[in-house]
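Here's a quick tour of one predicted model. Have a look at the sequence and the structure first, and then we'll walk through a few spots.

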Protein chains: 4
Amino acid sequence: MKLEDLNRELAAKNLGGFWSGNITGFDQNVEPKSAAVPCLWKWSDIYDGLIKARELVNMEMSERRTIRLVNPGLPEKLFATSTVHVSVQLVRPGEIAKAHRHTLTAVRFVVQGRGAFTTVEGERFTMSPGDLILTPNWTWHDHYNGSEEDIVWLDGHDGPLVKALEVVAVEMFSRKQQPVEAIPDFSIYQYGMARPYEKKAKLFDAPYKYPWEQTYKSLKALAVTEGDPYDGILLRYVNPRTGGPTLRTFGCEIQMIRPGEKTKFHRHTSSTIYHAFRGSGCTTVGELRLEWTQGDCFTVPLWQWHRHENPSKEEVVLFSITDRPMKEGLGFYFEEGKPE
Amino acid sequence: MKLEDLNRELAAKNLGGFWSGNITGFDQNVEPKSAAVPCLWKWSDIYDGLIKARELVNMEMSERRTIRLVNPGLPEKLFATSTVHVSVQLVRPGEIAKAHRHTLTAVRFVVQGRGAFTTVEGERFTMSPGDLILTPNWTWHDHYNGSEEDIVWLDGHDGPLVKALEVVAVEMFSRKQQPVEAIPDFSIYQYGMARPYEKKAKLFDAPYKYPWEQTYKSLKALAVTEGDPYDGILLRYVNPRTGGPTLRTFGCEIQMIRPGEKTKFHRHTSSTIYHAFRGSGCTTVGELRLEWTQGDCFTVPLWQWHRHENPSKEEVVLFSITDRPMKEGLGFYFEEGKPE
Amino acid sequence: MKLEDLNRELAAKNLGGFWSGNITGFDQNVEPKSAAVPCLWKWSDIYDGLIKARELVNMEMSERRTIRLVNPGLPEKLFATSTVHVSVQLVRPGEIAKAHRHTLTAVRFVVQGRGAFTTVEGERFTMSPGDLILTPNWTWHDHYNGSEEDIVWLDGHDGPLVKALEVVAVEMFSRKQQPVEAIPDFSIYQYGMARPYEKKAKLFDAPYKYPWEQTYKSLKALAVTEGDPYDGILLRYVNPRTGGPTLRTFGCEIQMIRPGEKTKFHRHTSSTIYHAFRGSGCTTVGELRLEWTQGDCFTVPLWQWHRHENPSKEEVVLFSITDRPMKEGLGFYFEEGKPE
Amino acid sequence: MKLEDLNRELAAKNLGGFWSGNITGFDQNVEPKSAAVPCLWKWSDIYDGLIKARELVNMEMSERRTIRLVNPGLPEKLFATSTVHVSVQLVRPGEIAKAHRHTLTAVRFVVQGRGAFTTVEGERFTMSPGDLILTPNWTWHDHYNGSEEDIVWLDGHDGPLVKALEVVAVEMFSRKQQPVEAIPDFSIYQYGMARPYEKKAKLFDAPYKYPWEQTYKSLKALAVTEGDPYDGILLRYVNPRTGGPTLRTFGCEIQMIRPGEKTKFHRHTSSTIYHAFRGSGCTTVGELRLEWTQGDCFTVPLWQWHRHENPSKEEVVLFSITDRPMKEGLGFYFEEGKPE
């Protein structure tokens, strides 16, 4: 009998041999590599698209008037990286995005407009630029723009991961909007540093809002410290209940690159999607230079050497979403600085 | 401007609209669904393949003389489910499987033969039928069959998950085998119920062996209890350091289905691969009946109603590997019993 | 031989029999009981004492110009309860309380004055009425009143517990004051909801300040909720790193009793010392009514039925210190509501 | 006004000044110190007492025929140290020690006899020399000697701590003995390394038995390792649910001092009571040499330099009880090796 015969025989029985001919390179060193490629999405393109969609798309045609960031390296042209995704949403005055829930966890980072609401598990969160709002896995949520101006936000979620893990579930709420509980932004008090005892067993990841005012105050205060050699003044949004990562599947971070600052190269097994919330600068990923201005989004796939640079005289603030918490939770997070 | 024009325009800029035309079914209820299908692999097929490969394949042609269980539902014909994988390995007397490490976590469940060794992080584990041995993520490991008979074991690992998360890393050891520390099966004492303080920071998941003798003793002792309505007498192998799940990415379980026992239907968002270690019976998955005899392997993909049945007069023991710990850790584990 | 002879014989050898004659009541139901008694300390008495001590006591005569609350039920007339203690401290303009550290954990709750500093582990905390500042176990600390007015604060600590556990340790700093790091109130940013990664292993309990402004905002916002049947609007100060209890040995709480509110009776195995920070009211402890006005302190010993009442038209704010975290941590916390 | 007048005035109002005259030594370095003294209790004395009490004391005169180890340094002549206590109990054939529960946590370490039972929360534990059985806080327990020989065991508990914390509670069971569940030593299977999922919320500290056979096997296996410089081959009994300390208030340990072994000096803020289960040797505590032979008990109070020595040709096995888990849990555990 020849090996090819055995291979054929096994294949016919839903079996497969793990040997040469069937596999290659089994005894060589291998390093992590993402199909996603470093990519820059210009705000001018995104916003132009949103403004056109503002007229062409209504709430009957879409659950969400949203434009996805598509990574050209991924086989399915759907997501920004292999595990986390960002799109940009515009809600017109008076529009309601219908209530539902899903096993995807989402966050909203407000870019423009104020006065709209996101309601999560009956709790109404007000939205202003720089605010970050958590919509954990399987929490009911709907949006309503009761203001007189458009609102635009980034939607970040773990859709690519949830899809890869085959646990996508969606449920529509019985009505268009949820009934709303008494206190807007209740979680800010529920999870303040002086907080009520939790009466009932709560969700591990709670709905929550991080107001921009607080976030920016911290960035400014810490700007006098040395900061991180690879990331400048880097803050991670923590789970207010536990002090741990923002969420179990991904985390949100915000960082200031100070005028003239140029960080060192490092790499890690998490992938990150950035949004230039304030200012302009440049991120080098491997051989590639991504030059970004305010509003632009870009991604650094896992295990690629990268550094950030702010050659300007204005401070840069980058908001980002990273799959680091999931990678750490499962034991897959490694990082290293580049030897000089 | 028409919507199709906008769609084209966006696509050219690596952007994509989330609206009808581009997406479908956005406002409907969706349930988890795996591409993997319920599948039965006969031991007679597997073992026949191993015996043929015994002659056709040597250690230069393969790092491992292993036959994979291939799920015909998955696009890549490589793995048993979308997140965990099982293959069956035969090592001949005198053979060495070379030392290396990788970000995959593996377990070995011994089916036949005794007297071979697996060495993990310098610790030598003896192998006998029914023993389960853990080779966590990034621990050096090699195998050596110093006995005079073939040894056959199941290799379970999280390769499909590690691949989906794009964190595959492999490193070859500088020599064929690791140097070996003094005490065989050291971890059994290191993590006994009376145990030394851990001096240095240890791996979160430690190398470990669960001897069959202990496992079976527990199954027998607990056989007089009512057990689980869906799984009979079900034991999960715990992380000996913490009492938590076997590993972070997957767990191992062993269960006895008593003579005449027929469990109730339930479903959950974890997928499981089973091996009939002792006895014969039948598992119903949806409309499908999988009739298995000793040695057979089969899989129940996530969110499918299933039950086990032992119509025989002999006890059945099923060993299984499930991605439940990863699903629970990330917040994706749901289960429900079928209403009668 | 008679039993008395045996008793004598044993006693001579540092042994003792556990039988009648030597012990009593071994087979009866027993309930927790504190030697401490419910007690009220009038602010007018405390403050009058401080004003007199202001002139009579200088920093050479005392490390701290402090007046202790003494529970007359305790055998040693030193502490307010058996496990936690409160005293009241006055620091005159220009005075320095010398730097040292000890195994006691202390907190300061500011009652009057602003502009002084507490420095903990090199971090300078500004002090204003209602602020709470943590000085965990074995952290260097010193105080300096650089303002032009007296400052008065409550010192709470676990001295009685540390003494009972025989682990009192004190170390004087090499200088009068610690060198001070760059940013005042640094921990507010270090442990904000968006916060830097912790670079080095930090103290489990971190130095921290809870600004009154935030605390009061939460009390007001939550005042519209139902609140706790036994405690009105009750907030616990949490460990900012973990969301757990303020400290491991004791916790701090603040509560609003709304105008006209009268809570229900309950009891628990923790003891509490209260300070009426705002308003006047009454606490019933067993048969005793403690009528308190602003500034007064009082204590409710463990396992005594108690309720709070605010018969006034002004809101009441009670600050309190409880040994509940220690009791919970060791498995000794029980509570029950009084059947009506 | 003079300071003495103020002191008197304050005392009359249950207040006390913290200044010279009232306190001393407030600005000096202080180190932990126990009132308990190093102490040796000879087994010959203990056993002689038990044999006499066997005749003089019956179950109507005592809940327990027990002889306490009394530390002469403690003000109340009741306990072996300030936080943990040991006594020695003898139960005659046919005797029943009545069912009750209390907030004290107890352990039994069997010294002599086999065939008796301890029942904890309805679970029956068989008893043989070297077995350790846990009776956590507030679990029902009773003992019955159904064998034909006396049984003798050490009772360890946290009575001194529970008393100091004023949370002593005792409840008598409605009958003399608890009804017994099906499987003896059930917890060994419930918390084996392959174990059932826990269906209902369980006690944090579970009833459990550590069989001597397993413990001794680990000691022997590890005897070839270097061991601990201060304690030889030291094992701590872990909480089988979590891998953490035996219990929250105290821990049990067992150690082998090998023939000819002499450990180094160290000290720590936990106190320990030892029992020489096998062999003879010597422990130096400060200037004192405690020479012990098999069966003797002795104590090393906190923060005293100590070392162990086995000058004999036989192996020594010391069983011990330490308050280290409580001290660690509250942040009070410190240790240091003595500079040579």
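Setting aside residues up to four places away in sequence, Arg258(A) touches Ala223(A), Thr225(A), Glu226(A), Gly227(A), Gly232(A), Ile233(A) and Asn310(A), where contact means heavy atoms within 4.5 Å. You'll find Arg258(A) in the loop between strand E16 (251–257) and strand E17 (266–268) of chain A; strands (E, at least two residues) and helices (H or I, at least four) are DSSP runs numbered from the N terminus. The side chain of Arg258(A) also gets to the backbone oxygen of Thr225(A), at 2.8 Å.

A word on ground rules: this is a predicted model, with local features needing pLDDT of at least 70 and side-chain atom pairs pLDDT 80 or more, while totals for chains, interfaces and linings use all residues. Residues are numbered from 1 along each chain as its sequence is written, chains are lettered from A and ligands numbered from 1 in the order in which they are written, and side-chain values use heavy atoms, with hydrogens and water left out.

Over in chain C, Ser270(C) sits in the loop between strand E17 (266–268) and strand E18 (272–278). Its side chain makes a polar contact with the side chain of His268(C) at 3.1 Å; that term covers N or O pairs within 3.5 Å, one able to donate a hydrogen and the other to accept it, and residues adjacent in sequence count only if both atoms are side-chain atoms. Beyond four places in sequence, the contacts of Ser270(C) include Val300(C), Leu302(C) and Tyr333(C).

| Residue | Relative accessible area | Class |
|---|---|---|
| Arg258(A) | 16% | buried |
| Ser270(C) | 2% | buried |

Now for the chains. Between chain B and chain A, 77 residues of the one are in contact with 77 of the other. About 6400 Å² is buried there, 64% of it from carbon and sulfur atoms; buried area is the accessible area (1.4 Å probe) that two parts lose on being put together, summed over both. Phe18(B), Glu166(B) and Phe332(B) supply 11% of what chain B buries against chain A, more than any other three residues. By contrast, no contact joins chain B and chain C, whose closest C-alpha atoms lie 14 Å apart. Chain A and chain D have no contact either, with their closest C-alpha atoms 14 Å apart.

How values were computed. Buried < 20%, exposed > 50% of the residue type's maximum accessible area, 1.4 Å probe, protein only.
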